[in-house]
Protein chains: 2
Amino acid sequence: MKNKTIFLDIANELHKRINEGVYVTSQKLPSEYDLAEEFGVSRLTIRKAIDSLISQNILVKEKGKGTYVMKQPKIASGLGGLYGFTEAAKRQGKRSKTKIIECTIADQMPDKVKQAFGKYADEKMIHLVRQRFLEDEPMTVEDIYVLQRYVSESSIEQLEEQSLFSEIEKNIEIGYSHQEVEAILVTEDLSRLLDVEVGQPLLLVHSLTYSPSAKPILYDTSFYRADKYTFKHTLQRKH
Amino acid sequence: MKNKTIFLDIANELHKRINEGVYVTSQKLPSEYDLAEEFGVSRLTIRKAIDSLISQNILVKEKGKGTYVMKQPKIASGLGGLYGFTEAAKRQGKRSKTKIIECTIADQMPDKVKQAFGKYADEKMIHLVRQRFLEDEPMTVEDIYVLQRYVSESSIEQLEEQSLFSEIEKNIEIGYSHQEVEAILVTEDLSRLLDVEVGQPLLLVHSLTYSPSAKPILYDTSFYRADKYTFKHTLQRKH
DNA sequence: GTTTATTTGTTCGTATGTATT
DNA sequence: AAATACATACGAACAAATAAA
């Protein structure tokens with residue numbers, strides 16, 4: 001499974017080495033010159049590979065010193081990157097299950113969603129409400145609006161089994177996602193769907209997912225059980 | 001205020017033009033070749049300038065077509081990076097205030113903190129509890145353990161006025177921070193400090209802040225009013 | 001304390017590939 | 001089919017920060 005581009009091949013190889021423990025946390029990587037020689041490419045190509053890993057918070061560089069493996073947060077729950085529920089579950093070796101509560105062509109949608117999609121708001125969209133289970137426990141309820149053009153007919157039928165992200169990526173590459181996390185109290189409806197007592201807190205996450213060229217793909221409003229889920233991420237200091 | 005680097009100068013100039021309306025939303029910019037000629041630099045330099053604006057979600061590129069100005073509603077608030085409370089407030093043009101509740105040499109600390117600092121856990125640490133106000137409203141309560149070596153004596157006295165981050169950065173550069181966000185219910189103690197009724201939800205954020213070379217600097221457990229605060233961030237899709 | 005070697009940061013020029021129009 | 005525009009890649013050089021001699 002080779003990429004067309006050398007620098008991505010190298011980024012993958014470096015990433016593999018990090019996961020395999022060849023390069024350990026906080027360890028210095030070989031210098032850019034050494035890596036260039038080892039892979040038989042120019043230094044700029046190595047730099048692009050490293051840049052790609054830095055943007056994924058896997059490496060850190062320090063001018064005059066070297067490139068280091070970033071200390072990774074322990075993965076317990078939560079998302080260590082942009083993954084769908086199914087993918088995140090698989091990475092933790094857990095069984096996930098999905099129950100579709102609603103799946104219709106959206107004839108209208110909240111203003112917040114319309115605003116998010118901008119000029120694409122008039123296109124046909126699928127409104128999807130799903131209940132997600134981890135090890136047979138209800139974990140989250142998703143309310144998703146996704147542009148129909150990115151989801152084929154056959155995909156829709158498989159949404160109880162397949163990852164929505166992987167279905168979408170058959171049609172368009174997923175680039176990034178703006179997320180907003182807040183804390184709310186569980187409502188009556190959600191109390192039933194998530195098996196949580198009224199009065200307990202929930203994590204509410206709004207997210208708008210884009211292609212690499214900033215085309216909006218889907219708007220997701222998800223409710224997570226606060227007792228089972230936390231969100232992990234890494235912020236970079238900007239200077 | 002000139003930068004040392006050409007590509008940042010150019011990025012700033014392009015950004016200025018966008019703000020001034022020279023390049024309008026959704027308009028195509030001159031090609032990389034044309035810009036290179038105009039600024040009298042190589043195409044690579046233009047690409048670096050454009051990359052920098054893309055990482056700030058200001059521009060978008062499409063292969064074979066061109067570079068476009070991204071439509072920018074850009075809602076206020078939220079963290080576009082790793083900032084302390086004081087800095088984030090300043091960026092929003094709001095008044096912040098700080099009340100120190102505790103400031104001692106820590107003789108013991110929670111296991112979670114010890115574990116986070118690893119081999120540095122035996123060094124002297126300062127335990128700091130602060131109440132933070134925005135426009136005179138209590139917003140968050142912080143519980144911080146910071147390695148004493150990174151905070152000078154004089155700094156400690158100024159913690160009601162100065163940003164902790166900027167004090168620390170006189171001694172060591174801040175690199176990045178692993179954060180974990182969860183939702184909890186307000187306790188009696190916090191109810192008073194945050195002026196929130198019992199039974200309401202709070203955002204609880206644990207964060208461990210590192211130097212660029214992955215040395216742990218401080219461990220922060222912060223409680224945020226859910227009605228006043230949300231967390232915004234951007235996740236990149238990994239391939 | 002100064003010099004030297006190492007390592008990342010920036011920039012140039014050039015060439016070729018790939019997607020769009 | 002041709003022109004345009006971004007994507008990738010190479011080689012080379014010098015600057016700037018760091019660490020070691």
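Tutor: A crossing of two helices is called right-handed if the near helix is turned clockwise from the far one by less than a right angle, and left-handed if anticlockwise. Please keep in mind that this is a predicted model.

Student: Which hand does the crossing of helix 1 of chain A with helix 3 of chain A have?

Tutor: The crossing of helix 1 of chain A with helix 3 of chain A is right-handed. Helix 1 spans residues 6-20 and helix 3 spans residues 43-55, and their axes come within 8 Å and cross at roughly 55 degrees. That angle makes helix 1 of chain A oblique to helix 3 of chain A.

Student: Which residues make that contact?

Tutor: Helix 1 of chain A contributes A:I6, A:F7, A:L8, A:I10, A:A11, A:L14 and A:H15, while helix 3 of chain A contributes A:T45, A:I46, A:K48, A:A49, A:I50, A:S52 and A:L53. By class, the residues of this contact are ten nonpolar, three polar and one charged.

Student: And how do helix 2 of chain A and helix 3 of chain A lie, roughly parallel or roughly perpendicular?

Tutor: The axes of helix 2 (residues 32-39) of chain A and helix 3 of chain A come within 8 Å and cross at roughly 105 degrees. The two helices are therefore roughly perpendicular to each other. On the helix 2 side, A:E32, A:Y33, A:L35, A:A36 and A:F39 take part, and they meet A:R43, A:I46, A:R47 and A:I50 of helix 3 of chain A. This contact divides into six nonpolar, no polar and three charged residues.

Student: Changing topic: how many salt bridges are there over all chains?

Tutor: The count comes to 37 salt bridges over all chains. One of them joins the side chains of A:E13 and A:K16, at 3.9 Å from N to O.

Student: How far apart are A:E13 and A:K16 along helix 1 of chain A?

Tutor: They are three residues apart in that helix, so about one helical turn separates A:E13 from A:K16.

Student: What about between chain A and chain B: how many salt bridges?

Tutor: The count there is one salt bridge. The side chains of B:E62 and A:K215 meet in a salt bridge at 3.8 Å, N to O.

Student: How much area do the two chains bury between them?

Tutor: Chain A and chain B bury about 4,700 Å², with 53% of that on carbon and sulfur atoms. Of the area that chain A buries against chain B, A:H233, A:L235 and A:R237 supply 18%, more than any other three residues. The contact involves 52 residues from chain A and 48 residues from chain B.

Note on methods. Residues are numbered from 1 along each chain as its sequence is written. Chains are lettered from A and ligands numbered from 1 in the order in which they are written. This is a predicted model: local features need pLDDT of at least 70, side-chain atom pairs count only at pLDDT 80 or more; totals for chains, interfaces and linings use all residues. Side-chain values use heavy atoms; hydrogens and water are left out. Axes are lines fitted to C-alpha atoms, for helices over the stretch in contact, and angles run from 0 to 180 degrees between N-to-C directions. Helices (H or I, at least four residues) and strands (E, at least two) are DSSP runs, numbered from the N terminus. Angles under 35 degrees count as roughly parallel, over 145 as roughly antiparallel, 65 to 115 as roughly perpendicular and the rest as oblique. Contact means heavy atoms within 4.5 Å. Ala, Val, Leu, Ile, Met, Phe, Trp, Tyr, Cys and Pro count as nonpolar, Asp, Glu, Lys and Arg as charged, and the others, Gly among them, as polar. Buried area is the accessible area (1.4 Å probe) that two parts lose on being put together, summed over both. A salt bridge is a side-chain nitrogen of Lys or Arg within 4 Å of a carboxyl oxygen of Asp or Glu.
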